[in-house]
Amino acid sequence: MQLGFLPSFPLTFSYPLLFGALLVAGMVGGEVARTFRLPRILGYGIVGFLCAPFAQALGLDLLIDEARIFVNLALGLVLFDLGRRFDLQWMKRDWTLAAMAVSESLLSFAAVFATLLTFKVPMVHAGLAAAIAMTTSPAMLLFTVHETHADGQVTERAMSIVAMNGLLASILTTMMVASSHLADKPQVEVALLHPLYLFFGSLAVGAAMAWLTRVVARNIEKSKDVHFTLIVGMVVGAVGLATMLRLPVILTLLAFGIFSRNDDRGYELLNVNLAPLGRLLYIVLFVITGASVPVEALGAAGVLALLFIAARGCGKLVGVLALAPVSGLRMRQCLGLAMALQPMSALTLLMAHDIGNIFPRFGQELGDVFIAAVIVMELAGPLLVQWGLRIAGETVSDDAGSMTMQLRGARPRDA
Amino acid sequence: MPLDFRVSEPLTFGVELEIMVLNTRDYDLARGAADLLERLKKADLPGEVKPEITESMIEINSAVNRSYDTLLTQLRAVRDGIVRAADRLNLAVAGGGAHPYHRWTERRIFPTERFLKVSNLYGYLAKQFTVFGQHIHVGVASPDDAVYLTHALAPYIPHFIALSASSPFAQGQETSFDTSRLHAVSAFPLAGQMPPVTTWEQFTRYFDEMQGYGIVGSMKDFYWDIRPKPEYGTIEIRICDTPLTIELAAQLAAYAQTLAAELLERRRADPVEPLYRVYGYNRFQACRFGFEAALVDPWEKRSVNLREDLLATLDRLLPRSVAMGNTMPLRALAELARARRNGANWLREEYAQTRSMPDVVRRQALLWREGEKVPGF
């Protein structure tokens with residue numbers, strides 16, 4: 001009897017199956033973390049780490065390559081969302097906000113740069129790595145803000161500063177790519193044109209997408225559902241366009257978000273909540289990030305990675321606290337803000353990965369440092385953000401009037 | 001604690017205004033009161049700015065005033081100070097009786113002892129109480145005058161409702177009411193009106209009884225539409241939505257002041273019981289239909305159109321308003337009534353034009369900021 005209709009053995013896992021499994025496993029990990037009153041993201045990352053050893057056996061390494069598109073989409077959405085929260089008008093009205101963003105970015109750059117130079121890392125590579133160190137994981141911040149229902153000055157400022165440090169880092173790495181080109185292959189045209197293409201190309205695509213989105217928004221019903229579809233469609237399209245044109249997805253989507261917020265004088269585009277979709281993509285993002293970082297990197301680059309994290313963390317802390325007296329924020333709020341700027345995750349890996357693709361030596365030299373740093377921060381980052389927002393008094397558990405408290409404390413005669 | 005009535009200079013007046021604290025991203029309510037108040041500590045403003053029950057509200061208190069002009073100048077200065085501080089925090093502030101689409105579940109109680117107590121007792125009602133009202137205080141010479149005036153002003157409550165109404169939307173929907181805010185107030189067991197006592201002595205007996213039962217601790221626990229305020233020596237009209245502009249808020253206060261002057265001088269001796277038989281119905285009519293409400297006059301036993309009744313009252317008060325410096329605000333109110341303009345209409349027109357609630361609130365915040373530049377408000 002011929003049983004040709006049966007699948008051939010051994011069975012191969014299809015990508016959707018693996019993808020779905022990772023999503024559900026991540027979700028379960030998040031809920032387990034929740035029962036220990038830990039941030040869900042921590043659970044997603046840990047599930048990722050647990051998957052990593054089996055990755056090869058299950059063919060997951062292929063998935064991680066294939067899943068790059070999901071990582072890009074998730075990050076695209078995150079960066080767009082972040083860009084929408086970057087308010088130039090606010091920076092004009094309160095110069096201390098922009099000053100704080102610049103100071104924490106520059107100080108974390110300087111601290112990491114100096115640390116890497118002490119370890120004899122070549123100057124250009126140390127500079128690129130320090131520029132990447134300026135960024136904060138926008139996904140971790142946005143997710144934690146959403147999860148803890150954080151609302152207030154620290155939350156709002158953290159999001160603007162993260163958008164700004166992402167922007168500064170993208171600009172700086174793009175510029176440094178030029179000098180690295182000169183160091184690696186002395187071709188002046190490439191050295192000049194490549195960064196210009198990356199930088200202005202991203203801005204142009206971002207601006208064009210923002211313009212197109214507004215034009216469509218103007219001519220459709222102004223309802224949240226319709227605008228949600230429009231934005232998701234445009235973000236996915238922009239990710240595809242950036243990939244097609246070999247432009248950095250990060251800068252393109254950040255620019256798209258920033259242009260659509262700051263050049264929307266007619267208020268045509270509604271501010272829709274991307275969280276329902278974001279949530280799914282965040283889980284995938286964090287599980288995949290966890291699964292794609294080999295834990296061995298910790299051994300290979302542990303000490304340098306810890307120094308890298310410490311230098312970066314101090315830079316951010318000092319950068320924020322230095323401006324505390326003029327910012328109008330209380331010290332506690334500034335401390336909370338500095339904590340919210342600490343996480344590193346997929347964005348860091350992606351930037352390091354992309355630079356590693358252009359300059360293999362960068363990848364060989366510092367790849368493990370980034371991976372090890374991300375492993376540490378996948379665990380510490382969510383806790384730091386949560387703690388930061390909590391000490392700033394902006395998370396929901398700080399609400400003294402929450403229902404649970406009322407149920408515990410209410411008496412029939414309490415007027 | 002027995003009630004001690006602190007007599008004040010008659011017909012001095014002041015207002016309290018609860019206003020919305022908004023984010024500038026989607027113009028939903030924001031948790032910004034504490035930061036805003038912190039920043040305002042350094043500003044030298046006439047009057048006071050205080051927290052309210054949830055962290056998305058602040059309350060402006062004017063000082064005690066004798067004239068409309070000084071009140072308006074003062075309120076404008078406070079408003080400008082708040083707007084400046086909010087700008088630096090990337091927040092916006094706005095008038096209006098209720099936020100059109102906020103979700104009460106997202107509100108947080110402002111952690112003062114009193115608000116926590118209220119929240120503890122009233123549960124979700126406390127968060128739903130994130131509505132924004134204007135209170136007008138008018139000084140009286142004696143506690144008996146306070147009791148008298150509390151009743152005497154009651155027939156005019158629909159006028160104040162219609163003029164200030166600015167909460168036609170709730171939970172993202174058109175409510176068909178000009179003001180939906182008052183429903184949030186009515187949910188409280190001690191809302192409504194003062195019992196039909198006619199002297200301060202009777203009132204204190206009533207208060208002592210309620211206090212004895214443990215129902216109230218102070219006058220603050222009565223959420224009546226009009227109540228005597230012994231600590232200030234005033235009566236307090238609490239029915240108005242916070243108008244969309246500071247200017248209208250001052251005009252309403254001038255109307256209350258002029259009306260109080262007339263009622264104190266030409267005392268009415270009508271019994272109060274018939275008034276309260278129709279009070280709730282008249283109040284509903286004004287909330288639902290605004291200027292077009294059909295009010296019942298319990299003494300004349302007839303139905304009157306709110307707008308006509310208001311215009312007749314304003315007309316009657318005009319001669320008296322001259323000496324009080326209130327002619328201009330009373331004329332402005334008559335103008336609004338004639339044109340059937342109130343905040344609710346304005347908000348509905350804005351929504352019809354933009355088809356977007358966040359846009360409506362954004363424009364509402366702009367109107368609050370630049371009220372004097374917008375004629376008709």
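The following questions and answers concern a predicted model.

User: How many residues does chain B contribute to its contact with chain A?

Analyst: The contact draws on both chains, with 23 residues coming from chain A. On that side, helix H5 (88-93), helix H9 (153-184) and helix H19 (403-409) of chain A each supply at least two residues. The residues of chain A that touch chain B comprise six nonpolar, seven polar and ten charged. From chain B, the number of residues in the contact is 30.

User: At what angle do helix H11 and helix H12 of chain A pack?

Analyst: Two packed helices are described by the angle between their axes and the distance between the axes. Helix H11 (residues 224-244) of chain A and helix H12 (residues 249-262) of chain A have axes 9 Å apart. Their crossing is right-handed. The packing angle is about 140°.

User: Which residues of H12(A) make the contact with H11(A)?

Analyst: By class, this contact has seven nonpolar, two polar and no charged residues. H11(A) provides Val235(A), Ala238(A), Val239(A), Ala242(A) and Thr243(A). From H12(A) come Val249(A), Thr252(A), Leu253(A) and Phe256(A).

User: What radius of gyration does chain B have, and why does it agree with a compact globule?

Analyst: The C-alpha atoms of chain B fill a box of roughly 55 × 45 × 40 Å along the principal axes. Because a compact globule with 377 residues would have a radius of gyration near 21 Å, the value for chain B agrees with that expectation. That value is 19 Å.

User: What percentage of the residues of chain B count as buried?

Analyst: Chain B contains 14 helices and 13 strands. Among its contacts with a separation of 6 or more, 76% join residues 24 or more positions apart. Of the 377 residues of chain B, the buried share is 53%.

Notes: Residues numbered from 1 in each chain as written. Chains lettered and ligands numbered in written order. Predicted model: local features only at pLDDT ≥ 70, side-chain atom pairs only at ≥ 80, totals over all residues. Contact = placed C-beta atoms within 7 Å. Helix = DSSP H or I, 4+ residues; strand = E, 2+ residues; numbered from the N terminus. Nonpolar A, V, L, I, M, F, W, Y, C, P; charged D, E, K, R; others polar. Axes fitted to C-alpha atoms, helices over the stretch in contact; angles between N-to-C directions. Left-handed = near helix turned anticlockwise from the far one by under 90°. Rg over C-alpha atoms; globule rule 2.2 N^0.38 Å. Buried ≥ 20, exposed ≤ 12 C-beta atoms within 10 Å, placed from the backbone.
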